[in-house]
2 protein chains.
Amino acid sequence: MMDRRFMRESARNFKPYYSPTSDGSLRLDTNTNVLGPNPAAMDALSDLSDAEINQYPNTYSADLRKVLAEFYGLDPNNFVTGSGSDEILDVLFKTFTDKGDRAVMPFPSYSIYDYFSELNGGVPVLIDLDEEFQLDVDSMLAAEGKIIIIPSPNNPTGNAFRRSDLVKIVEGTDVPVVIDEAYGEFHHESFIPLVRKYENLIVTRTFSKAYAMAGLRIGYCVCSPEIADMMTCIRIPYSLNMVSEKAAIAALRDQDFIRSSVDMVEKNMPMLVEGLEALGFKCYPSNANFVLARSPIDHKELVKGLKDRGIMIRDFGHRRLLENCVRFTIGTDEMNIRVIEACEELTR
Amino acid sequence: MMDRRFMRESARNFKPYYSPTSDGSLRLDTNTNVLGPNPAAMDALSDLSDAEINQYPNTYSADLRKVLAEFYGLDPNNFVTGSGSDEILDVLFKTFTDKGDRAVMPFPSYSIYDYFSELNGGVPVLIDLDEEFQLDVDSMLAAEGKIIIIPSPNNPTGNAFRRSDLVKIVEGTDVPVVIDEAYGEFHHESFIPLVRKYENLIVTRTFSKAYAMAGLRIGYCVCSPEIADMMTCIRIPYSLNMVSEKAAIAALRDQDFIRSSVDMVEKNMPMLVEGLEALGFKCYPSNANFVLARSPIDHKELVKGLKDRGIMIRDFGHRRLLENCVRFTIGTDEMNIRVIEACEELTR
């Protein structure tokens with residue numbers, strides 16, 4: 001009988017990831033770009049006639065890493081790419097933690113960190129954020145992890161962490177410190193330039209959020225050449241396909257769409273927040289393209305009611321410190337009005 | 001100082017994967033399809049205008065798994081997809097081996113197996129093939145692995161293993177037995193139908209070889225729903241991007257190109273083999289789209305000489321049991337003539 005006894009012990013109670021059926025709903029549950037596909041990437045995809053898809057792609061994405069280096073004024077050896085930043089995260093735990101090693105991360109935060117840590121045999125150590133969802137720096141450092149991972153802006157709380165706190169953590173340890181800037185484009189304050197200063201700093205980025213290319217699975221990290229070399233030996237060769245690499249290069253070279261996407265979020269967030277607060281929601285401050293809100297009615301009822309009205313948001317109401325909280329991706333004006341009207345029906 | 005002390009112990013001596021510069025050379029080193037890109041896939045790529053690349057792809061490739069199920073007369077729950085079959089292989093070791101667990105595989109074989117096994121904390125146990133490059137069934141079973149992995153046809157030797165030997169291994173153990181059919185299309189004898197009979201059998205396949213889509217990174221495995229469920233909890237969500245999923249579906253539905261690719265290899269292999277043997281090479285029997293040959297001159301000299309003449313082949317001459325051996329992908333008539341002429345210059 002084939003059952004979970006045959007599985008790696010640390011993964012035996014794992015379940016599949018969030019995977020709802022969408023059937024045409026408005027997706028405000030995954031923080032993708034609501035303005036639609038990245039136009040420069042679509043343009044690159046419109047002529048693939050000379051793509052030699054019978055050949056393997058660049059083993060380690062040499063072309064994309066060259067363009068990333070130009071974009072950031074760094075060297076190609078400061079970059080590692082992956083099939084989504086999720087692959088980068090998996091590679092990080094696989095590179096720097098062994099069975100039983102502690103991986104330190106804030107709570108509440110992106111749940112894939114503890115999943116990848118456990119999956120790779122590690123022991124996730126979750127350090128509670130304070131009431132303002134800011135870091136407990138001393139506890140993060142005292143936890144003695146073999147790796148520390150912190151998203152900023154944080155998901156699902158939305159806030160960026162204080163720069164001085166992050167610096168204290170990077171300076172306070174020799175182990176690799178990962179700052180996951182999946183929502184970094186919305187925050188205007190990146191740790192990427194500091195990889196030249198801190199050998200143990202790793203900043204991860206994705207093309208899935210502001211860049212509007214989640215469907216193509218492209219992520220990367222920026223770090224010292226020493227760390228990049230270690231990760232390169234661990235990541236799966238060829239993992240970034242050649243079509244996505246081409247699209248990513250085109251998208252990086254056209255920043256107008258990114259700027260207007262970020263502008264749209266900044267412009268529209270206040271309206272959504274005010275609308276929700278007028279209905280009794282408590283919204284938390286956000287530096288990203290989404291907002292966490294404590295619902296005035298039961299979170300399950302709210303999420304189901306919105307789904308019935310063709311709007312998907314993400315439910316976090318069952319998690320400790322996030323009791324009755326849900327997460328809304330910031331939409332266009334039209335989308336936000338639709339969200340507020342639907343919430344009004346459900347809360348009155 | 002950031003150095004390899006911070007790395008997972010089992011990976012500290014790892015090096016980056018085979019990644020030569022090709023600069024326009026004829027690539028007969030990676031066993032990709034020499035007839036060029038898969039035409040049905042290229043057709044699918046020619047109109048991506050309705051691809052919503054800003055959204056995430058199917059979390060677990062539901063569309064491709066449905067078409068695979070129709071193609072093989074199985075259920076979507078018999079399939080797990082990945083970004084190349086390399087991701088599938090990585091997931092297999094991560095699912096079924098824990099730190100210190102033995103993974104049994106033949107030698108010589110595909111070197112990525114022992115790499116992934118070690119990377120995921122396991123202990124690869126390599127069991128020598130006999131003089132005809134066939135399996136030592138008793139030793140494979142006696143090695144007490146938590147997983148057994150066997151490519152058939154084998155790479156780089158080229159031969160398929162005896163069906164009866166493979167059946168003995170699958171029946172002789174309760175642990176998962178992986179038969180890697182990366183070159184399965186060239187062999188006409190698949191273990192895929194047997195996943196209904198053997199709950200511990202997993203067959204892996206790729207779109208990188210006969211399907212001529214290596215650049216898009218698509219692989220899958222066929223297995224019992226129980227195993228597929230475990231692997232689904234382990235694999236990275238969304239790892240197969242939406243463009244590759246679409247291209248794979250189109251390619252599966254058009255088998256003409258696959259048939260002509262397989263026919264071309266069968267037709268052209270004898271000419272290449274005879275040409276090489278006339279020059280003093282010893283060629284080993286192959287059921288795949290490549291041939292392993294023992295060189296009459298020093299392997300390094302041969303590989304470098306061919307590279308200087310714009311032809312890349314793969315060097316295995318430094319490996320035990322493969323002393324002075326190299327591997328040629330079977331080319332078109334024209335390519336094979338070019339190869340033989342270049343070898344003639346080098347060996348005379």
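Domain bounds come from an automatic or database domain assignment. This is a predicted model, in which local features need pLDDT of at least 70, side-chain atom pairs count only at pLDDT 80 or more, and totals for chains, interfaces and linings use all residues. Residues are numbered from 1 along each chain as its sequence is written, chains are lettered from A and ligands numbered from 1 in the order in which they are written, and side-chain values use heavy atoms, with hydrogens and water left out.

Q: How far apart are the C-alpha centres of domain 1 of chain A and domain 2 of chain A?
A: Chain A is divided into domain 1 (19–37 + 257–347) and domain 2 (39–253). The distance between their C-alpha centres is 25 Å.

Q: What area do chain B and chain A bury between them?
A: Contact (heavy atoms within 4.5 Å) joins 82 residues of chain B to 82 residues of chain A. Buried area is the accessible area (1.4 Å probe) that two parts lose on being put together, summed over both. Of the area buried here, 61% is on carbon and sulfur atoms, and the total is about 6600 Å².

Q: Is helix 2 of chain B roughly parallel or roughly antiparallel to helix 8 of chain B?
A: Helices are DSSP runs (H or I, at least four residues), numbered from the N terminus. The axes, lines fitted to C-alpha atoms over the stretch in contact, with angles from 0 to 180 degrees between N-to-C directions, come within 9 Å and cross at roughly 15°. Angles under 35 degrees count as roughly parallel, over 145 as roughly antiparallel, 65 to 115 as roughly perpendicular and the rest as oblique. Helix 2 of chain B is therefore, relative to helix 8 of chain B, roughly parallel.

Definitions and conventions:
Helices (H or I, at least four residues) and strands (E, at least two) are DSSP runs, numbered from the N terminus.
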